[in-house]
Amino acid sequence: MKVLVLSSLAFSLLNFRGALLAELRKQGHEVLAVAPDYDRAVEAGLKAMGIELRVVPMHRTGTNPFKDLQTLFAYWRLMRKERPDVIVAYTQKPIIYGGIAARLYGKAPFHALMSGLGHLFSEDAQDRVVVRGIFSRLYRAALKKAVTLFVFNRDDRPDMIAAGIIDERHRVLQVPGSGVDTQHYVEAPLRDGAPVFLMMGRLMRDKGVYDYLEAARIVQRQYGDVRFQLLGRPEDSNRTGISEAEVHRLSSEYPVEFLAETRDVRPYLAQCSVFVLPSFYREGLPRTILEAMSSGRAVITTDMPGCRDPIEHEGNGLLVPAKSPQDLAKAMIRLVEDPEMLRKMSRRSREIAEQTYDVKIVNHMLLDAMDLIAHDGPMQRAQSQTIPYAA
């Protein structure tokens, strides 16, 4: 069959969905990958897998209805030209406008991978009720005929029902996020010496950046040899983003080393002792947490949808209240003062990554649910992590 995969960023096709695309090809399907931007390296990587890249323009973070309509009809024209048998979309705009275009096309089942509801559906977006209502209606139109809706955490389905995006009849399956390649993110031994805390992600207020900075200041006053790192790109155009100018100011005020964005985070995960993500953004299931777990790192994160799902509190990490630098600092200090607990959590993180979040397990779940497995192999499904909600 011909499978059309819609994304919001070319780089994500390889970095986040490369293993899924490779598995689709392994199962004998023709795959067309779609992104709003052209990336020569991504095109080469996809071509090596026998996959073609198509570019459909999209204003990724804007709300201009005319530009969004252009994306919608570009999707529809591409579907009419390529005549796919199956359509798969992930992230907000590809799901919304790909789903509506799929309804107009009317000749292929549509599957949506909901990687999180995003900022609009977080508590901090109460001032954007009107915009949230518009996007809820768009989601409802896009997902009305969706065959399968995949969610990454236990909170998204009831919240989508409450928002009127879906109803009880929709077929919703919970899967363990996008998975992580445990052979790529190998377990790295903990280094001796003072602990190193690492946060990775887009530099946005609702990712908890300021909470991390303030917690670092609190801990550093008590333990001056502990190091703190923050890896990510400035977000000048994002509503809650932190600009490059602001990064320069913050780096001079807080005891945190700002690291430039990179396409390979493994060296930084190997050098750190603990991964920290104090997000209060409406996450699906943060990929960075899974990468840290696969690397054998304890995780400190917030008791929020998505963030808490892969964490066994005091097993492989610690859960703290959102927007509380004081509680975050206490959790950090706890691991500084208890190296044995840190070692146990690190080992448990790797175990959970291998047993539940390995990308091979996740991709098998996805392809099986979409009826895209040519010959069911011996891989066992992690049934406890796949939660069917079909009425």
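Before counting anything in the sheets, I note that two strands pair if DSSP finds at least two bridges between them. I also note that this is a predicted model.

**Entry 1: E11 and E12**

I started with strand E11 (residues 274-277) and strand E12 (residues 298-302). They run parallel and are joined by four bridges, so they pass the cut-off of at least two.

Next I looked for helices lying across the strands.

**Entry 2: strand E1**

Is strand E1 buried or exposed? I checked each position: five of the five residues of E1 (residues 2-6) are buried, so the strand is largely enclosed by the rest of the structure.

Which strands does E1 pair with? One is strand E2 (residues 30-35), in the parallel sense over five bridges. Another is E4, also in the parallel sense, over four bridges. On the E2 side I noted Glu30 as the bridge partner of Lys2. On the E4 side, Val88 stands opposite Val5.

Lys2 and Glu30 came up again when I looked at charges. Together with Glu52, Arg54 and Glu82 they are linked in a network of salt bridges.

**Entry 3: salt bridges**

I got a count of 27 salt bridges. I followed up Arg308 in some detail.

Arg308 forms a salt bridge with Asp155, with the closest N and O atoms 3.1 Å apart. This pair links distant parts of the chain, 153 residues apart. Arg308 sits in the loop between E12 and E13, and Asp155 in the loop between strand E6 (148-151) and helix H7 (156-162). Both Arg308 and Asp155 are buried.

Arg308 also forms a salt bridge with Asp303, where the closest N and O atoms are 3.3 Å apart. Why does Arg308 count as buried? Its relative accessibility is 17%, and buried means under 20%. Asp303 is at 42%, so I logged it as partly exposed.

For a pair within one helix I picked Arg249 and Glu253. Their side chains meet in a salt bridge at 2.8 Å, N to O. Both lie in helix H9 (residues 244-253), four residues apart, which is about one turn of the helix. Arg249 is partly exposed at 35% relative accessibility, and Glu253 is partly exposed too, with a relative accessible area of 36%.

**Entry 4: positive phi**

I went through the backbone angles with one thing in mind: most residues other than glycine have a negative phi. Which residues other than glycine have a positive value? Arg83 is one of them, with phi near 50 degrees. I located Arg83 in the loop between H4 and strand E4 (86-90). Thr91 is another, with phi near 75 degrees. Thr91 lies in the loop between E4 and helix H5 (92-105). At a relative accessible area of 22%, Thr91 is partly exposed.

**Entry 5: a surface patch**

Last, I looked at nonpolar side chains on the surface. Leu69, Phe73 and Leu104 form a nonpolar patch there, and together they have about 280 Å² of accessible area. Phe73 is in helix H4 (residues 65-82).

Key:
Residues are numbered from 1 along each chain as its sequence is written. This is a predicted model: local features need pLDDT of at least 70, side-chain atom pairs count only at pLDDT 80 or more; totals for chains, interfaces and linings use all residues. Side-chain values use heavy atoms; hydrogens and water are left out. Patches are made of residues with over 30% relative accessible area and no salt bridge: like charges are joined within 9 Å, nonpolar side chains (Val, Leu, Ile, Met, Phe, Trp, Tyr) within 5 Å. Accessible areas come from the Shrake-Rupley method with a 1.4 Å probe; for residues, only the protein chains shown count as cover. A salt bridge is a side-chain nitrogen of Lys or Arg within 4 Å of a carboxyl oxygen of Asp or Glu. Helices (H or I, at least four residues) and strands (E, at least two) are DSSP runs, numbered from the N terminus. Buried means under 20% relative accessible area, exposed over 50%, partly exposed in between (1.4 Å probe, protein chains only).
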